[in-house]
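Here is a short report for a first look at this structure. Keep the sequence and the 3D view side by side while reading.

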Amino acid sequence: MSFRLTDPKIRSSYNGKRFGMIVKWPKNIELWNEYVALRKADQEAGDEHGKRATQFYLTNWEDMNADAEMLSDHFVETEVDGVQMVHSALQQAWNIISDTSLEAYKTEYQNDPEPEEEAETTGLTAGKVASRISGYEQHMMPELAEWGTVGLDRASTLLTGSRLHGGETPSAASSIMESWRRTA
């Protein structure tokens, strides 16, 4: 949401500024990918904090931190059995990436989501689809219909909905009464 509100093409009057947790990405991404793989393997083995991954980070500290710049050096100090598991804001960021995904991290912590894929359209309208499925006009529910339902789905900038009806007899067969898509 903040990405949209700070986009000058969408809200130029807001004069929004975007800040990401990572200002400059580290030079040795391959080492961080290895860290992520170790952390995931540790977690699959029952170690939710990734002790081997943490040790790998400490062993490769200089190479893994090379060229990285964080917006803030603050991080949540996590200890397990008296052993510190998080040693830097950069490690904390990569723990989030490991536990979710790079795409989720870039969206939530970098204010830099991947571009949304454009929905494919075929030129069909909800009314055309409804009339071709059941033979009834849009918004018409047959008298023999035994049930009806409404569904909504909200995904980022798209609202999709439909009303359905149906039954077990051929004259009350399931059909779409109404379907729509709205963009924000």
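## A place to start

In which loop is the place of L71? L71 sits in the loop between β2 (69-70) and β3 (79-80). L71 also belongs to a nonpolar patch on the surface, together with F19 and V23. The accessible area of F19, V23 and L71 together is about 300 Å².

The model is a predicted one. Keep that in mind for every value below.

## The chain as a whole

The chain has 184 residues, and 31% of them count as buried. Its secondary structure comprises seven helices and seven strands. Read from the N terminus, the order is α-β-α-α-α-β-β-β-α-α-α-β-β-β.

The accessible surface of the chain is about 12400 Å². Carbon and sulfur atoms account for 50% of that surface. Now take the contacts between residues at least 6 apart in sequence: 50% of these join residues at least 24 apart.

## The nonpolar core

In soluble globular proteins, nonpolar side chains tend to be buried together. Here, the largest nonpolar core holds 21 residues. I22, W32, Y35, M64, M70, W94 and Y105 touch the most other members. Three helices, α2 (29-44), α3 (51-59) and α5 (89-99), each give at least two residues to this core. The largest share comes from α5, with six residues.

Y35 is one of the core residues that touch the most other members. What does Y35 contact beyond its neighbours within four places in sequence? The partners are A53, T54, F56, Y57, M64, Q91, W94 and N95. Of these partners, M64 and W94 are also named among the core residues that touch the most other members.

## Helix α5

How many residues of α5 are buried? The count is 10 of its 11 residues, and the helix is mostly covered. The buried residues are A89, L90, Q91, Q92, A93, W94, N95, I96, I97 and S98.

Q110 lies in the loop between α6 (102-108) and α7 (126-134). Is Q110 buried or exposed? Its relative accessible area is 11%, so Q110 counts as buried. The side chain of Q110 comes to 2.7 Å from the backbone nitrogen of I22. Leaving out residues up to four places away in sequence, Q110 touches F19, G20, M21, I22, W25 and Y105.

N111 is found in the loop between α6 and α7 as well. With a relative accessible area of 18%, N111 is buried. A polar atom of its side chain lies 3.0 Å from the backbone oxygen of F19.

Most residues other than glycine have a negative phi. N111 is not a glycine, yet its phi is positive, at about 55°. D67 is not a glycine either, and its phi is positive too, at about 70°.

Where does D67 lie? D67 is in the loop between α4 and β2. At 42% relative accessibility, D67 counts as partly exposed. N111, in contrast, is buried.

## Apart in sequence

E108 is in helix α6. E108 counts as exposed, since its relative accessibility is 59%. Along the sequence, E108 and G20 are 88 residues apart. Their C-alpha atoms are 9.0 Å apart in space.

E79 is in strand β3. E79 is exposed, with a relative accessible area of 55%. H49 is 30 residues away from E79 along the chain. The C-alpha atoms of E79 and H49 are separated by 9.3 Å.

Definitions and conventions. Residues are numbered from 1 along each chain as its sequence is written. This is a predicted model: local features need pLDDT of at least 70, side-chain atom pairs count only at pLDDT 80 or more; totals for chains, interfaces and linings use all residues. Side-chain values use heavy atoms; hydrogens and water are left out. Helices (H or I, at least four residues) and strands (E, at least two) are DSSP runs, numbered from the N terminus. Buried means under 20% relative accessible area, exposed over 50%, partly exposed in between (1.4 Å probe, protein chains only). Contact means heavy atoms within 4.5 Å. Accessible areas come from the Shrake-Rupley method with a 1.4 Å probe; for residues, only the protein chains shown count as cover. A nonpolar core is a set of buried Ala, Val, Leu, Ile, Met, Phe, Trp, Tyr and Cys residues joined through side-chain atoms within 4.5 Å. A polar contact is a pair of N or O atoms within 3.5 Å; within protein, one must be able to donate a hydrogen and the other to accept it, and residues adjacent in sequence count only if both atoms are side-chain atoms. Patches are made of residues with over 30% relative accessible area and no salt bridge: like charges are joined within 9 Å, nonpolar side chains (Val, Leu, Ile, Met, Phe, Trp, Tyr) within 5 Å. A salt bridge is a side-chain nitrogen of Lys or Arg within 4 Å of a carboxyl oxygen of Asp or Glu.
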